[in-house]
Amino acid sequence: MATTIKSTALDFSSIKNNLKNHLANQTEFSDYNFEASGLSNILDVLAYNTHINGLIANFALNESYLNTAQLRSSAVSLAEGIGYTPNTDTSAQALVRISFTTSTTPRDSIISLPAFTEFTAVVDEITYTFQTTQSFFATDNGSGYYEFLTTTGSNLIPLREGSRKTKTFLAGEYEENPVYVIPDTKLDAATATVNIFPSATSTDATAYQNINNISTVSASTTAYVLKESPNGNFELSFGDGVTFGNAPETGSRIEITYLSTNGADANSASTFTPSSSLSGGGVTTPLTVITSSNASGGQAKQTIESIRKNAPFQYVSQNRMVTAEDYTALIKKNYSTFIQDISTWGGEDNAEPEFGAVYVSILFNDNVDQSTKDSIKRGIVDLGNQLAIISFKVRFVDPVQTFIELDTTFQFNPDLTDKNLNAITNQVTTVAANYFGAFGLFNKSFRRSNLLTLVDESSTAVLSSRADVRIQRRFTPTAPSLIAVINQLTLNSLEAAQINNVVGLVSKRKFDSAASFLVNGEYTTSNFTDVKNKLAATASNLTQVIEFPTSIASPDDINFIIRSTEFTLNGRLSFLRNKLSSNAIQVIAANGDVVIDNVGSYNAGTGAVTIDFFNPSSIAGGRTDIKLSVVPSNPSAVSPIRNDILLFDPDRSSTTALIVTVDN
Amino acid sequence: MATNRVFSNEDGKLNEFTLINARDKLYKDIDLSFTAKPSGEIFKKQDAAAVKQAVKNLLLTNHLEKPFEPNFGGNLRGLLFELADEDIDDEIVDDVVYAIERYEPRARILNISVSETADYNSISIKIEFQVISTEETVELNTTLSRLR
């Protein structure tokens, strides 16, 4: 019999057993099975050696590929190989308004707030330092009030958490093309500024750019490379001066300034206290700080799993924003600390195509406020300007929530379980809720068969199940633009009931009556014609189109396809419903009377529901929006598109058990 | 000698395995002294000598020395700094019995005697055991003493 030593085993005992099997084929020695024998000791040595070599080979191979690397240093290095720089620690950022008032004279009319002005904030009884990372300027309003503004004119000043660190190196001191080591694992690369001074004592610096932020490199490009080293610190390097960017000349001084940050620990900081008074421009004065948005976005270094997931996408995008996927990859790369999920698509894929535009829908983390969202959106547009090869318009659209309503019915045999009807019903309800637990992100499809499989498997007493599916959108039956116009005309002097009166008249296209009410009541100073024209101009916005992500079932002569939650209209509790065998939508009172015969319609093919403006006095349940539910044409699967997000509405769902006694 | 017996396919091709007759069992181990014969081959230890070498090897091995077998060995060195009182003999006997019963199934212990010569910082152990297959009685003497 041919002797084979299996070489695939890595486990010590497997290797040793292989050797024993090999020895079993000879008669020279026989004591290999006795642990105390000399032969066994020799087998130990051989097996141990093979085991260690096998493990080393296995580790080495694992660490050679991004998908299997276990060490962070390997993942970082492999990611760099495909042009991906993993995110460093990210400092928390807050937006504040900073101002002061002074009566000192003489004083400068423009006073600057220097970069790295420090503020402190406390989170969980730990004090963190926040800083400005650039200079801001304030102009005297004439009475000694100064408010600092950004270069774009915004009064929201960003503060970033961290302590300022500066490292200075002399170029060419040791060897050519050196790598400058920054022994700090908490460096926030986004805050790093690199300046090159021509001599050791010079004060005239050239600012270098991070190579990740530029799209072309030549011999003269003033760019630096800042990357994580295998031990978690950072390394700064420059071009070679030939093809890959400018190299600092021998004798020049290299200064890198950055924030060493505490990452996520400083998130939610809300009160910022200046560490010292502002002194300059002829004044010494305390600063007034008003928080516009709490600190957020602080995060630890990118995890290995995140690197594994994002690096290949970044490689595909080649750091250029061309396809919609490129936008996803690069926005995620730059703003991952703020973003829960993102969906991007070309404008040509819209229901009404818009060529030359990229649509971006971002699901922000819960702790990101509006100011930060706006700031990120501006940043994305800037990023597009830097990295887009072709000029695209970037359009932001908010995620739209579409809810799933389920009426689940299941057959239940009480003889097959110890649990009672209520317990099993609750169990099935929980299964449905759990199924939707992973939803809330883009591109998550609902598939009824998957859910029903889970329901059937939830208990042996559940014999079969079915589910009626409806999809729901929510809308607010108000006309914000109309109300804004009314408030503008009347300088906000009207009460809610009076506004409703005007809104009601306009919605019925009675512009003369509405204008008369405002002019004759002396609620406005504008003349009748102006008022009438302005009100009429808003009338086109009074119709709402609610676009469902899927087509809607065709009208039926037995079942209603569309139905809404209740609201009070003209003093009667009512709801929206389509007419049987018709696309028209009616307002129906609780007793079945038709309140408004035709308040809109729906297009089964496109999934669009058009609702003319109506003005309910209140909405049931104290809500401000109406839930409009429709039966989809294909209730088996609902796939969200573009910026749709599917969620579950347990309040509009039900679970019903049918007791049966058969057990098959 | 090993005997090859042929079995049918219906019986699971047992003929592929070598059945060893208990009467034929011969212990053959490598001589750990690695002394070479004139021909260049190393010597073998057989039967009782093989078992005796194994027992000695076992007793002089300490815990955690053998890879992936942390409890293997007599662990006598573990007693190195113990007091030389009257309990030390019992501890040594317990360790030896445990090690041989667990790791050397070829030997049946007949007697163990431990004698201390405290003045010379030395302990002598005499183990009398029987090789189970041949019922041959073997005596192993080993002495633990300080080197310097």
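## Report on a predicted two-chain model

Chain B has 2 helices and 5 strands. The model is a predicted one. Read from the N terminus, the elements of chain B follow the order β-β-α-α-β-β-β. Of the 148 residues in chain B, 29% are buried. Among contacts in chain B between residues at least 6 apart in sequence, 32% link residues at least 24 apart.

Chain A contains 12 helices and 36 strands. Its length is 664 residues, and buried residues make up 45% of them. Of the contacts in chain A with a separation of 6 or more, 68% are between residues 24 or more positions apart.

### Where the chains meet

The contact between the chains involves 19 residues of chain A and 23 residues of chain B. Together the two chains bury about 1,800 Å², and 60% of this area is on carbon and sulfur atoms. There are 3 salt bridges between chain A and chain B. One of them pairs A:Asp31 with B:Arg106, with the closest N and O atoms 2.8 Å apart. The count of residue pairs in polar contact between chain A and chain B, both residues at pLDDT 80 or more, is 9.

On the side of chain A that touches chain B, the elements giving two or more residues are helix H1 (12–23) and helix H2 (38–62) of chain A. H2(A) gives the most, with 8 residues. By residue class, this side of chain A divides into 7 nonpolar, 7 polar and 5 charged residues.

| Residue | Relative accessible area | Class |
|---|---|---|
| A:Phe136 | 3% | buried |
| B:Gln53 | 11% | buried |
| B:Pro70 | 40% | partly exposed |

B:Gln53 is part of helix H1 of chain B. B:Gln53 counts as buried because its relative accessibility is 11%, and the cut-off for buried is under 20%. Its side chain makes a polar contact of 3.3 Å with the side chain of B:Asp29. Apart from neighbours within four places in sequence, B:Gln53 is in contact with A:Gly38 of chain A and with B:Asp29, B:Ile30, B:Asp31, B:Leu32 and B:Lys45 of chain B.

B:Pro70 sits in the loop between H1 and H2 of chain B. With residues up to four places away in sequence not counted, B:Pro70 touches B:His63 and B:Leu64. The loop between helix H1 (47–59) and helix H2 (87–103) of chain B also holds B:Phe68.

A:Phe136 belongs to strand S5 (residues 136–139) of chain A. Its contacts, leaving aside neighbours within four places in sequence, are A:Ile111, A:Ser112, A:Leu113, A:Phe148, A:Leu149, A:Thr150, A:Ile157 and A:Pro158. A:Phe136 and A:Pro114 are 22 residues apart in sequence, and their C-alpha atoms are 6.8 Å apart in space.

### A helix with one buried face

Helix H11 of chain A covers residues 511–520, and its buried residues are A:Phe511, A:Ala514, A:Ala515 and A:Leu518. Viewed down the axis of H11(A), these residues fall within an arc of 95°, so they line one face of the helix. An α-helix has 3.6 residues a turn, so residues three or four places apart point the same way. After H11(A) comes A:Glu522, with a positive phi near 55°.

### Backbone exceptions

Most residues other than glycine have a negative phi, and most peptide bonds are trans. A:Ser581 is not a glycine, yet its phi is positive, near 60°. A:Ser581 lies in the loop between strand S28 (572–578) and strand S29 (584–589) of chain A. In chain B, B:Phe68 is likewise not a glycine and has a positive phi of about 60°.

The peptide bond between A:Thr105 and A:Pro106 is cis, with omega about -10°. A:Pro106 is placed in the loop between strand S1 (93–101) and strand S2 (110–113) of chain A.

Conventions. Residues are numbered from 1 along each chain as its sequence is written. Chains are lettered from A and ligands numbered from 1 in the order in which they are written. This is a predicted model: local features need pLDDT of at least 70, side-chain atom pairs count only at pLDDT 80 or more; totals for chains, interfaces and linings use all residues. Side-chain values use heavy atoms; hydrogens and water are left out. Contact means heavy atoms within 4.5 Å. Buried area is the accessible area (1.4 Å probe) that two parts lose on being put together, summed over both. A salt bridge is a side-chain nitrogen of Lys or Arg within 4 Å of a carboxyl oxygen of Asp or Glu. A polar contact is a pair of N or O atoms within 3.5 Å; within protein, one must be able to donate a hydrogen and the other to accept it, and residues adjacent in sequence count only if both atoms are side-chain atoms. Helices (H or I, at least four residues) and strands (E, at least two) are DSSP runs, numbered from the N terminus. Ala, Val, Leu, Ile, Met, Phe, Trp, Tyr, Cys and Pro count as nonpolar, Asp, Glu, Lys and Arg as charged, and the others, Gly among them, as polar. Buried means under 20% relative accessible area, exposed over 50%, partly exposed in between (1.4 Å probe, protein chains only). The arc is that of the directions from the helix axis to the C-beta atoms.
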